[in-house]
Amino acid sequence: MEAIIEKIKLEKEPRILIVSDIHGNLDLFKKLLKKANYNDKEDYLFILGDFVEKGPYSLDTLHYVMELNETKNCYVLKGNCEIIFQNIYERNNEDDFDYFRCNEHTLLHEMCKKCSIDLTSNITLNETMKKLKIEFSKEYDFLESLPTIIETDDYVFTHAGIPNIESFDAKDYLRINEFNNIASRQKKMTIVGHYPSVNYSKSYLNYKPHFNYSKNVISIDGGNIVKSAGQLNMLIINKNDISTTYIDNLPKFQVKDDQIVNNQDSFIINYPFTQVEILEDLGEFKLCRSLHNNRTLKIPSKFIYKKGNETHTYDTTNYKHTVYVGDTVSLYYKTSKLSLVKFQGVLGWIKNELIF
């Protein structure tokens, strides 16, 4: 699959909105556009791929993105989730077909449901694709046409990054993990999604876009759908000003009292270094040692899971928020005394009495 590079000229000093990794979360995407006061006649909108798969409304999201793409200044790029569907559509890949059979939140699964195709039956891949190619030819043509890279005078937009070695294969641009860590310095500001920005966090779990000015890279994937505490981020470029906004589906609470703390000893355990050793079972929590940095942390017992013979944890932290009366927080997890909440895109603990 050949990489498609598109070069465009932007009108003088437009407002540019960039979003990535919607993952079939259509309701959240619409709310984010509304929050940003998106104007399809004046603003530029860039969607950096992975707008389907994993979430509940891939087909509806695809149709909505196709509608947006009809407007003058909306540009949609291909992500690795879009080529998953293309691969099965073009190559009749049996392994991918088995994956779709077992996973409800996929584009192909939703298409089959729309066409009354029973994936639990003995229907073959060839029979399935024959029906879908008739019903969804416009959708396939749209996905196939999407560019891999869009370049302007000042910016480069792509799903996962730019490989260090020149390549004409689209897959090499769509599946780069940790681009912020492995990239060389880019000539133009390069804006990517694909890899949740919280994975770059060092001392606290920050889901907002990650700015790496030393390499000229901004990673905007907020872990929407992929992370339980994830959010859908938007980067907003308005003349020379760059700002961010986000939205999530977590329940909101208003803080009733101040909490002022010192976080000198705070640290996190996050992907990909999630393996731990359980030292003591404390009931709601387990005292664990991180195998990555040898530090110990009380982790909610429900965050611990097995991966073969290994013990792992979902992203966790001992960071505590400083918050004041009237602040709004998003509740992620509640224990008997403490709540793990997101405040301004950062996950941390507060006392329950502050919001309950």
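The elements covering the buried residues of helix α1 include β2, β3, α2, β11 and β12; contact here means heavy atoms within 4.5 Å. This is a predicted model, in which local features need pLDDT of at least 70, side-chain atom pairs count only at pLDDT 80 or more, and totals for chains, interfaces and linings use all residues. Residues are numbered from 1 along each chain as its sequence is written, and side-chain values use heavy atoms, with hydrogens and water left out.

Helices (H or I, at least four residues) and strands (E, at least two) are DSSP runs, numbered from the N terminus. In α1, Leu-26, Leu-28, Phe-29, Leu-32 and Leu-33 are buried, that is, under 20% relative accessible area with a 1.4 Å probe, protein chains only. Viewed down the axis of α1, these buried residues fall within an arc of 160°, so they line one face of the helix; the arc is that of the directions from the helix axis to the C-beta atoms. After α1 comes Asn-37, with a positive phi near 55°.

The open sheet has five strands in the order β4-β3-β2-β11-β12, with mixed pairing; two strands pair if DSSP finds at least two bridges between them. β4 (74-76) and β12 (241-247) are at the edges with a single partner strand each, so one side of each lacks a neighbour in the sheet. β2 (residues 15-19) and β11 (residues 232-238) pair in the antiparallel sense over five bridges. Ile-18 stands opposite Leu-235 in β11.

| Helix | Strands | Angle |
|---|---|---|
| α1 (residues 26-35) | lies across β2, β3, β11, β12 | about 140° to β12 |
| α2 (residues 58-69) | touches β3, β4 | about 135° with β4 |

Definitions and conventions
Axes are lines fitted to C-alpha atoms, for helices over the stretch in contact, and angles run from 0 to 180 degrees between N-to-C directions. Buried means under 20% relative accessible area, exposed over 50%, partly exposed in between (1.4 Å probe, protein chains only).
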